[in-house]
Amino acid sequence: MTITTITHSIPGSSGYLDIYPERKVSAFKNPYIVGLTAVASIGGLLFGYDTGVISGALLYIKDDFEAVRHSNFLQETIVSMALAGAIVGAAAGGWINDAYGRKKATVIADVIFTLGAIVMAAAPDPYVLILGRLFIGLGVGIASVTAPVYIAELSPSEIRGALVSTNVLMITGGQFLSYLINLAFTQVPGTWRWMLGVSGVPAVIQLFLMLLLPESPRWLFIKNRKEEAITVLSKIYDFARLEDEVNLLTTQSERDHQRGDNIRYRDVFKSKEIRLALLAGAGLQAFQQFTGINTVMYYSPTIVQMAGFHSNELALLLSLIVAAMNAAGTVLGIYLIDHAGRRKLALFSLGGVIASLIILALSFINQSSGSGLYGWLAVIGLALYIGFFSPGMGTVPWTVNSEVYPEEYRGTCGGMSATVNWVSNLIVAQSFLSVAAAVGTGPTFLIIAIIAVFAFVFVLVYVPETKGLTFDEVELLWKQRAWGNNPEYAQNLLQNANHS
């Protein structure tokens with residue numbers, strides 16, 4: 001007997017939807033789900049905007065503050081302080097999500113982000129600016145944990161991947177918007193203050209909209225607020241499926257309360273299945289960064305100039321095209337993630353990333369030949385890299401991390417994985433130019449290509465397919481991976497499932 005044979009009656013499972021196809025939910029036919037996703041995804045917009053805006057703003061910050069102009073350390077600190085804040089925010093965000101809920105966590109992130117935007121825009125010196133960057137980072141870190149989990153817990157399993165990936169689309173859209181904002185404010189007095197301060201506007205909008213939106217129904221069930229949860233679920237599902245979903249959530253909530261809060265948090269790392277889930281989730285987040293994406297986004301103007309295009313205007317224009325391709329690729333990923341599946345999409349993406357990085361490496365290694373062909377080949381390699389990365393490794397890690405952890409661990413483990421992402425982000429941002437200077441740009445891209453090969457093997461071995469699975473099925477999947485098809489254990493799971 002395999003564990004997969006016991007999940008056919010779980011609401012939202014493939015077996016359930018085969019029996020009751022009329023109960024499938026379409027996002028486009030349910031404006032309520034679309035609205036919830038759109039508002040929650042503003043956190044992704046803030047995440048992406050801050051990632052992209054600082055590269056352009058720093059040019060003008062150096063003009064205003066002589067100390068920054070003459071200090072590489074201050075420049076690096078202004079850039080990296082947001083990353084440091086995001087690491088702390090992501091680590092704390094998991095606990096905030098589980099203790100106070102996804103809605104309050106989002107509101108807290110918006111308040112902190114708005115405060116940071118005001119501090120940056122009004123900064124009288126670089127040290128106050130650095131404080132503002134820290135606040136911004138804290139808000140982004142909390143939002144990076146909260147938005148995917150909130151969307152995932154409100155989403156029917158059959159469209160969960162696409163809806164969570166919408167948050168990634170907002171991240172890439174925010175990066176693209178930051179390039180446009182940078183260009184728009186280049187001739188405006190107080191240039192960099194506008195670039196950084198305007199980020200507070202979407203944070204304020206999300207804050208007020210979130211006050212009108214509900215809490216995650218799954219979190220409400222955990223906190224014994226069943227009536228509020230049913231009210232939310234009734235706007236997502238028809239009556240027949242609503243009844244089944246409520247019965248399942250009631251059973252899960254009773255089981256979680258029997259475990260007890262103290263046992264729950266103390267035993268996170270003692271559970272073999274949780275360790276396997278965290279390995280897959282955190283590993284994907286680390287490889288998302290170490291395969292070079294933010295190297296491309298942070299340093300795309302520099303890379304373009306390294307390729308032989310020394311005009312600042314041309315470098316910025318090509319960087320804008322790179323950001324647009326990143327956003328367009330994410331749109332493709334939204335479609336593919338619930339059709340091709342998470343694992344296949346990640347493997348295909350990494351295969352293309354490896355080939356693209358090799359093209360980039362060869363272009364820079366042969367740059368000394370003086371042929372302009374290699375400059376253009378480097379730009380083509382960048383474009384191919386984005387084209388392969390954004391639909392797969394851009395969307396899959398955040399989607400997988402929103403769905404692979406049991407409810408009682410979802411905020412905590414999601415926070416841990418997001419922290420891994422931000423730490424990896426910081427390492428890459430701080431090391432790329434130094435490594436490129438030490439060994440050369442071409443060899444640096446070869447190193448990243450080798451890391452991408454390891455990422456491919458990692459996905460092949462450790463990341464299961466979760467397309468279309470309910471949260472309950474995902475939990476059973478990890479139990480099966482942890483304990484195998486032990487007949488006695490499977491029988492116990494069968495009995496538990498029958499009680500559902």
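Which residues lie nearest the centre of the largest cavity? I took this question as the start of my notes on a predicted model.

**Entry 1: the largest cavity**

I looked up the lining and found 19 residues in it. Nearest the centre of the largest cavity lie Ile 171, Gln 175, Gln 288, Ile 293 and Asn 294. I recorded a volume of about 210 Å³ for this cavity. My count of cavities of 30 Å³ or more came to eight.

I then asked which helix gives the most to this lining. Helix 8 does, with four residues. I noted that at least two lining residues each come from helix 3, helix 8 (160–184), helix 15 (272–290), helix 16 (293–306), helix 17 (312–336) and helix 21 (407–439).

**Entry 2: the protein as a whole**

I looked up the secondary structure next and found 24 helices and zero strands. The protein has 500 residues, and 58% of them count as buried.

**Entry 3: helix 10**

Which residues of helix 10 (residues 200–210) are buried? I listed Gly 200, Pro 202, Ala 203, Gln 206, Leu 207 and Met 210. These residues lie on the same side of helix 10, because they cover an arc of only 160° around the axis. I set beside this a general point: an α-helix has 3.6 residues a turn, so residues three or four places apart point the same way.

I then looked for what covers the buried residues of helix 10, and the cover includes helix 2 (31–40), helix 3 (42–64), helix 6 (102–121), helix 7 (126–154) and helix 9 (191–197).

**Entry 4: Arg 342**

Is Arg 342 buried or exposed? I found that Arg 342 counts as buried because its relative accessibility is 0%, where the cut-off for buried is under 20%. Arg 342 belongs to helix 18 (residues 342–365).

I looked up the surroundings of the side chain of Arg 342 and found one of its polar atoms 2.9 Å from the backbone oxygen of Ile 337. Leaving aside residues up to four places away in sequence, I noted several residues that Arg 342 touches, among them Arg 160, Gly 161, Val 396, Thr 399, Glu 403, Glu 465 and Lys 467.

Technical notes:
Residues are numbered from 1 along each chain as its sequence is written. This is a predicted model: local features need pLDDT of at least 70, side-chain atom pairs count only at pLDDT 80 or more; totals for chains, interfaces and linings use all residues. Side-chain values use heavy atoms; hydrogens and water are left out. Buried means under 20% relative accessible area, exposed over 50%, partly exposed in between (1.4 Å probe, protein chains only). A polar contact is a pair of N or O atoms within 3.5 Å; within protein, one must be able to donate a hydrogen and the other to accept it, and residues adjacent in sequence count only if both atoms are side-chain atoms. Contact means heavy atoms within 4.5 Å. The arc is that of the directions from the helix axis to the C-beta atoms. On a 1 Å grid over the protein atoms alone, a cavity is a set of points where a 1.4 Å probe fits but cannot get out, and a pocket is an open set with protein on both sides within 12 Å along at least five of seven lines; lining residues have an atom within 4 Å of a point. Grid points are joined across faces, edges and corners, and a volume is the space filled by probe spheres set on the points.
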